[in-house]
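Dear colleague,

Please find below the structure for your review.

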Amino acid sequence: MTAQFTRDQLVARLIRAGELEVSGEDLAEAATYFDVEKFRFHGPDGFESDYAGLSAYFGSLRDAFDNRSIRRGIVVAEGDTLACQTWIEGTFVREFTQSPAGPLPPNGERIVFDLINIFRFDNEGRLIEEWVRTDNRSLLRRLGAEGN
């Protein structure tokens, strides 16, 4: 664990950061869970971003989906790194501008983003790195963009 935080404290911080990003309830508080200068996001298909990009992504989720929620599943901790399952859900009611295929029109369906995440924290309990893996083909199918 980090010098100042137990495993349970890091898990609680991770859960709260996700809740705030998904709900949009208090974005200033959400930022306190990240090192906003050093944070790096590593997503599917080589997608890379910083904290501003991650915040913009969550903003697009909040804009496109109503009745949002986030759940964390099994959490494995090793030092300053946590790995877990994550499910983000919402009803797709407005254009989703940051889908893996670009902007998509709403289909009114309940969508589940099924993710595997790895998070790394600094010694102050702030998130400094995240890796995400997901099945984009399955997600796009649920979003109504099956393609060929």
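A residue is called buried under 20% relative accessible area, exposed over 50%, and partly exposed in between, with a 1.4 Å probe and protein chains only. By this criterion, 42% of the 148 residues of the chain are buried.

The model is predicted: local features need pLDDT of at least 70 and side-chain atom pairs count only at pLDDT 80 or more, while totals for chains, interfaces and linings use all residues. Residues are numbered from 1 along each chain as its sequence is written, and side-chain values use heavy atoms, with hydrogens and water left out.

The chain contains 4 helices and 6 strands (DSSP runs of H or I with at least four residues, and of E with at least two, numbered from the N terminus). Their pattern along the sequence is α-α-β-β-α-β-β-β-β-α.

An open sheet of mixed pairing is formed by 6 strands in the order β2-β1-β6-β5-β4-β3; strands pair if DSSP finds at least two bridges between them. Because β2 (48-50) and β3 (65-78) are at the edges with a single partner strand each, one side of each has no neighbour in the sheet. Strand β1 (residues 40-42) runs antiparallel to β2, joined by 3 bridges; R40 has D50 in β2 as its bridge partner.

Helix α1 (residues 7-23) packs on the sheet and touches β3, β4 (81-92), β5 (110-121) and β6 (127-134), contact being heavy atoms within 4.5 Å. Helix α3 (residues 51-64) also packs on the sheet, touching β1, β2, β3, β4, β5 and β6.

Yours sincerely

Methods:
Axes are lines fitted to C-alpha atoms, for helices over the stretch in contact, and angles run from 0 to 180 degrees between N-to-C directions.
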